[in-house]
Amino acid sequence: MADPTFRNYTSQRAASYAAHRGEYELDIYHEVLAYHTSQGGGLGTVFDVGCGTGSATRQLAGYFARAAGCDPGREMIAKAIDLGGKTKDKITIKYEVLAAESLDRSVHLKPCSVDLLTAAMAAHWFDMDRFWRQAALIVKPGGTVALWTKSSLYCHPSTPNANQVQQALSRLEDDILGPYELPANKVSRTMYANLRMPWSVEPPVAAFPEPLSVRREWNRDEKLESGQDDFFGGSSSTTLADLASSLGTSSMVTRWREDHPELTGTDGDCVVRTMRAVSEAMGSETKDFGSLTIKVGHATTLLLFTRAE
């Protein structure tokens, strides 16, 4: 399921990705760190795999003495290095061009040296059979592997004409972009239900036994959790213009635009058409997407694994 899109980004696309993809909510890091420390995990080294331009790496670095990130996309790593970042001990984050299936080749890590290994919206692109064997080589006994993804885009129930707005957003994902969905995209969209676990790969990776794992999820099928008024991590209040820029960083939109270069950025662009439909569903006739605000969120899945002693 190797990613054919992000790893081939140009420097311009990598810069756009960094500018518009945005950061992850702090709640996901609190969940990861609470689990990690409750299992006796240390705060020495965090290693972010499939780090892209380093958003999650920079956010996590503030909790650890040392931090490193890797990605197979050369331009993504170049942008991550350009953006920089420091750990809690003011040590510069280390980045390198490296695939998730080759972690033992890292120039920054030694065997069994990683306290926390993370993959933010990236594991669905990995060859998980190989990844788990590599993770077993570099994660310390008692350390943690944390994998998470955000599935589909939902408008907040308070949105005017929320059902019609959601239909417009779902039409983009299901109908327009459906032909551009790869198997890995589907693994993410189904909240890692079919992501290969360390005990289900062949041969099984005994370093990460099933009893030392936890699955957590929030807001499946756009439903708010019981007693909650918002999506996990909070809804993002954004203009339609910024939402369009964020959607433009997705791999499926990238592939649609590569297939329709004559429509990209025009009124016929798949994202522009969707934002127009959302605007109309909200009862607005404005063509200025920067003036109309919407609250959106995602379903979130978090998988946590403790490395056996």
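**Entry 1: R171 and helix 6**

I began with R171, which has its place in helix 6, and I kept in mind that the model I was reading is a predicted one. I noted R171 as partly exposed because its relative accessibility is 39%, a value that falls between the 20% limit for buried and the 50% limit for exposed.

I next followed helix 6 from end to end: residues 162-176 make up its 15 residues, and the distance from its first C-alpha to its last is 20 Å, close to the 21 Å expected at 1.5 Å a residue. I also looked up where helix 6 bends, and found a bend of about 30 degrees at S170.

I listed the buried residues of helix 6 as A162, V165, Q166, A168, L169, L172, E173 and I176. I recalled, while reading that list, that an α-helix has 3.6 residues a turn, so residues three or four places apart point the same way. I then asked which elements the buried residues of helix 6 pack against. I found strand 5 (139-155) and strand 8 (293-306), together with helix 7 (183-189), helix 8 (240-247), helix 9 (251-259) and helix 10 (270-281).

**Entry 2: helix 9 with helix 10**

I turned to two of those partners and saw that the axes of helix 9 and helix 10 come within 10 Å and cross at roughly 115 degrees. I noted that V253, W256 and R257 from helix 9 meet C270, V271 and R273 from helix 10. Sorted by class, this contact has 4 nonpolar residues, 2 charged residues and no polar ones.

I stayed in helix 10 to look at S279, which I recorded as buried because its relative accessibility is 1%, where buried means under 20%. Leaving aside residues up to four places away in sequence, I found S279 touching L240, S284, T286 and L292.

**Entry 3: backbone angles in the loops**

I reminded myself that most residues other than glycine have a negative phi, and that most peptide bonds are trans. Against that background I looked at C112, whose phi is positive, near 55 degrees, although C112 is not a glycine. I placed C112 in the loop between strand 3 (94-97) and strand 4 (114-120), and I wrote it down as partly exposed, with a relative accessible area of 36%.

I found a positive phi of about 65 degrees at N219, which is not a glycine either, in the loop between strand 6 and strand 7 (236-239). Is N219 buried or exposed? I counted N219 as buried, since its relative accessibility is 0%.

I also checked the peptide bond that joins E202 and P203, which is cis, with omega about -5 degrees. I located P203 in the loop between helix 7 and strand 6 (213-218).

Not counting residues up to four places away in sequence, Q134 touches A100, E101, S102, L103 and D104.

Over residues 48-146 I read 28% helix and 27% strand, with the end C-alpha atoms 10 Å apart.

Terms used
Residues are numbered from 1 along each chain as its sequence is written. This is a predicted model: local features need pLDDT of at least 70, side-chain atom pairs count only at pLDDT 80 or more; totals for chains, interfaces and linings use all residues. Side-chain values use heavy atoms; hydrogens and water are left out. Helices (H or I, at least four residues) and strands (E, at least two) are DSSP runs, numbered from the N terminus. The expected span of a helix is 1.5 Å times one less than its number of residues. The bend at a residue is the angle between axes fitted to the seven residues ending there and the seven starting there. Buried means under 20% relative accessible area, exposed over 50%, partly exposed in between (1.4 Å probe, protein chains only). Contact means heavy atoms within 4.5 Å. Axes are lines fitted to C-alpha atoms, for helices over the stretch in contact, and angles run from 0 to 180 degrees between N-to-C directions. Ala, Val, Leu, Ile, Met, Phe, Trp, Tyr, Cys and Pro count as nonpolar, Asp, Glu, Lys and Arg as charged, and the others, Gly among them, as polar.
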